[in-house]
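Please read these points beside the sequence and the structure. They cover charged contacts, surface patches and one recorded region.

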Amino acid sequence: LAAADPRILALAAQVTESREQDIPLLLLNLKGILNIASLGCEESKKIKQDIYNYDLTQYCMLVLRQDHSRLRGGWATAAQLAEILSHCCVGLEVKEDTEEFYKKFLPSAIDNLLFLGRRLQARFIRAIKDEEKQDFLRWFQTVTDAICWLFGGHIQLAACVLQNDHFLQLLITDDVETAIKMMSVLHNILTVNSSVLLQVDEETLHSVLDELVYKLSSTTNPVVGNAATKLLLLVAKFCKQLVKLLTARYKGLKGLLSKQWTGKGFDRDLSQLLDLLDLEQCSGKGEMRMQHQAACIIQATWRGFLTRKRLKKLPQAVTALQRSFRAKREQELQHLKKQKEDEALKLQMQLQRQRAMRLFHERQLALLEIIHASQVNKYMEEMEGKSALTIQRFWRGYRARRNFHQQRQSLKEYKAAVVIQRAACKFLEKRRRRRPLSSWKDPKGLTDEQRLALQQKVDDYIKLHPASQMSEEMSKELHMQAQEKLAQFLLRSRLDQRAAQRRETLLAQVNTDVELLMNAPGLAEITEKDLDVFMSRSVPVATKARQSHNTMLKYTRCPWWKKLGDEFVEDDVIPDDALNAELGTLFIGGKK
């Protein structure tokens, strides 16, 4: 094997040792190396082989993905690298790892070139100055030429270019200049590989044709119209199947071409395309006529079936319609009636409220006329106090009723649980009492053989596990310890039994007190006999309860202006300085 070119070795070493931002400028030296060798000679192939073997083409491909606006050389360097990459790949004959080169490297190179083209197109559209736009357009042209050169050297890449998403994005643009260049790329693809449109998937084919027809229908630029017409003519010439697709998918294409683009300077290509479309339409007209007649027969039969079916269901439909109409009308009448009643009630309540307010003001004025002027302030204070007491009384009543309704369900559940538990305990107790005692049965006697076998097992066990010798003093001490522990256990069990009995007694007393409170009559219906049930027989407890009650009455009879900060204090909460009593110690039923 011949030695590698020293210039390529030196460049590869510099690229490996250099920083990332300096690599694009170093790769530009490949252009001088490639220009020295003549195209197609053995020396050129050898140089391209060395460049690929030392991964310089991989570097070129990866650099195209970078944002060159932040690198030295800018986008001009990127365009030159795209040109270098295409020249390095065309004419290269890879002898090792050919599958990786043709199926991975070349598609990746096409993808990176198209990605670079999208970036240049976007910056060309956003550019404001004419000089910048010309530069970006020139670099875009260089990249498109590199793409054409690459798939011209490798025909299998034509389908890869068409199926690439970046190519479709480049083609779908409203900019005239870049659109013309992309249509020239598409023209080169069809020229290189005329059957490429049959190799791509249906979605890609439809997308390309849709964009060409859209450009014909949405623009009046003759350059764009000429390029799109030539592309459609090229498609129609190469494949008759695509002519059928054009006539079937785009019904108004013929009229659009004849009306909008006649006399624009490319009538020759336009007439050829129209002739192809007319020829296809005439050949398919007879088949279309037969299909049209068959469709008419099917539609007539189906409409007749639907009409007969509808006529059969017509009486039911009329009945259902009348029923729904009457129900809806009745609902509307009820709604109107209810609305009128609500309005009348609202008006009546408003009139009653106005009448009550008028009577109240008249009564107030009459009282103010009777009362002496010096007593007016005192009267107003008394009225304010009564009003505050009334508001507090209503608020406390509302709060008490709300709390009672919230607690009623929990109390019902508690009582139901108590009833269920009591019934279950009674049932278990009755079943335990009814269970008959098992009669004592003497064990069956052992036979002589069983007795001998059992004795032999006992003797064997004693031999294997001899008992430890224990003195008489140790056995007595162990017996005393066992007796003490037994006495402690019996004493503890007796105490636990007493504690359990006391708990059951207290629980029964609490349940009785709760039932008494729940079944207690109201204050208007209570009698002296009912009071005796809730009186405590303990003198200290009764005295403490009487003191607490008197303190509470004094607190509630205080003037309203002394309790301005206590409107929303709970009824059970009394200030500590006024009431220092623990009401939780008050036992009901006369027992402590």
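**Notes on the model**

1. K476 has a relative accessible area of 51%, so K476 is exposed (exposed means over 50%, buried under 20%, and partly exposed in between, with a 1.4 Å probe and protein chains only). This is a predicted model, in which local features need pLDDT of at least 70 and side-chain atom pairs count only at pLDDT 80 or more, while totals for chains, interfaces and linings use all residues. Residues are numbered from 1 along each chain as its sequence is written, and side-chain values use heavy atoms, with hydrogens and water left out.

2. Which residue does K476 meet in a salt bridge? The partner is E472, at 3.6 Å from N to O; a salt bridge here is a side-chain nitrogen of Lys or Arg within 4 Å of a carboxyl oxygen of Asp or Glu. Both residues belong to helix α21 (residues 472-518), where they are four residues apart, about one turn of the helix. Helices are DSSP runs of H or I with at least four residues, strands are runs of E with at least two, and both are numbered from the N terminus. E472 is also exposed, at 52% relative accessible area.

3. The whole structure holds seven salt bridges. E429, R432 and R433 are linked in a network of them. The closest N and O atoms of R432 and E429 are 2.1 Å apart, and E429 also meets R433 at 3.2 Å, N to O.

4. Why are R432 and E429 about one helical turn apart? The two are three residues apart in helix α19 (residues 376-434). E429 and R433 are four residues apart in helix α19, so about one helical turn separates them as well. E429 is partly exposed at 28% relative accessible area, whereas R433 is exposed at 66%.

5. A surface patch of negative charge gathers D165, D201, E202 and E203. Patch residues have over 30% relative accessible area and no salt bridge, with like charges joined within 9 Å and nonpolar side chains (Val, Leu, Ile, Met, Phe, Trp, Tyr) within 5 Å. D165 lies in helix α10 (residues 165-171) and is exposed at 57% relative accessibility.

6. L446, L454, V458, Y461 and I462 make a nonpolar surface patch of about 480 Å². I462 is found in helix α20 (residues 448-464).

7. An unreviewed UniProt entry lists residues 326-357 as "coiled-coil region"; such annotations may be inferred rather than shown by experiment. In the model, residues 326-357 are 100% helix and 0% strand, with the end C-alpha atoms 46 Å apart.

Definitions and conventions
Areas by Shrake-Rupley, 256 points an atom, 1.4 Å probe, with all protein chains shown as cover. Lys, Arg positive; Asp, Glu negative; His and termini not counted. Charge placed at Lys NZ, Arg CZ, Asp CG, Glu CD.
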